[in-house]
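Dear colleague,

I am handing over the structure below, and the notes that follow it say what was found there. Please read them with the model open beside you.

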Amino acid sequence: MKFNKPIRILSKALFATAAGLCLTACNAEDRSGEQPFAPTVENVDGIVEGDSCTLTGRVTASPNSTLKSCGFAYGNDTLRLETKSEAPTTIFTARTKPLQPGIYYAVAFAENGVGRGLAADTLYFEIR
């Protein structure tokens, strides 16, 4: 019976540790049944200013995963570029590099921990 006291102390310590882990793992909102997905994003607007365009997009959903980046893929039949917003937010803007005269396309994108989502539509703009 010499080991009775150390066993009680050890069992209390294990119980306290288990209780602490349970409390820190609990969250006020139970999302355990939800699956994370890549973001849903849409094009909003493109405003041509001289030889570049300021593009605006909107993230409509990013289920159970934090946004990591937002931006636009843009170009024409011979040019493929990307521009990213300064910070990943629900409404985001990004500016193209200076472009030669012509018609260009832009598609908004957003990335989270699951993947990359692209806008379903394409925005077209013209540099004159």
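**Salt bridges and one buried threonine**

Arg-95 is partly exposed, with a relative accessible area of 39%, where partly exposed is the class between buried (under 20% relative accessible area) and exposed (over 50%), computed with a 1.4 Å probe on protein chains only. Before going further, please note that this is a predicted model, in which local features need pLDDT of at least 70 and side-chain atom pairs count only at pLDDT 80 or more, while totals for chains, interfaces and linings use all residues. Residues are numbered from 1 along each chain as its sequence is written, and side-chain values use heavy atoms, with hydrogens and water left out.

The side chain of Arg-95 forms a salt bridge with that of Glu-49, at 2.3 Å from N to O, the term being used for a side-chain nitrogen of Lys or Arg within 4 Å of a carboxyl oxygen of Asp or Glu. This pair links distant parts of the chain, since Arg-95 lies in strand E5 (residues 91–95) and Glu-49 in strand E1 (residues 40–49), 46 residues apart; strands here are DSSP runs of at least two residues, numbered from the N terminus. Glu-49 is likewise partly exposed, with a relative accessible area of 38%.

By the salt-bridge rule the count comes to five, and among them is the pair Glu-82 and Arg-116, whose closest N and O atoms are 2.9 Å apart. Here too distant parts of the chain are linked, with Glu-82 in strand E4 (residues 80–84) and Arg-116 in strand E7 (residues 116–118), 34 residues apart. Glu-82 counts as partly exposed at 41% relative accessibility, and Arg-116 is partly exposed at 35%. Arg-116 also meets the side chain of Glu-111 in a salt bridge, at 2.9 Å from N to O, and Glu-111 is partly exposed at 22% relative accessibility. Through shared partners, these salt bridges join Glu-82, Glu-111 and Arg-116 into one network.

Strand E4 also holds Thr-83, which is buried, with a relative accessible area of 10%. The side chain of Thr-83 reaches the backbone oxygen of Arg-95 at 2.9 Å, which brings the description back to the arginine that pairs with Glu-49. Leaving aside neighbours within four places in sequence, Thr-83 is in contact (heavy atoms within 4.5 Å) with Gly-71, Phe-72, Tyr-74, Ala-94, Arg-95 and Phe-109.

How values were computed. Helices (H or I, at least four residues) and strands (E, at least two) are DSSP runs, numbered from the N terminus. A polar contact is a pair of N or O atoms within 3.5 Å; within protein, one must be able to donate a hydrogen and the other to accept it, and residues adjacent in sequence count only if both atoms are side-chain atoms.
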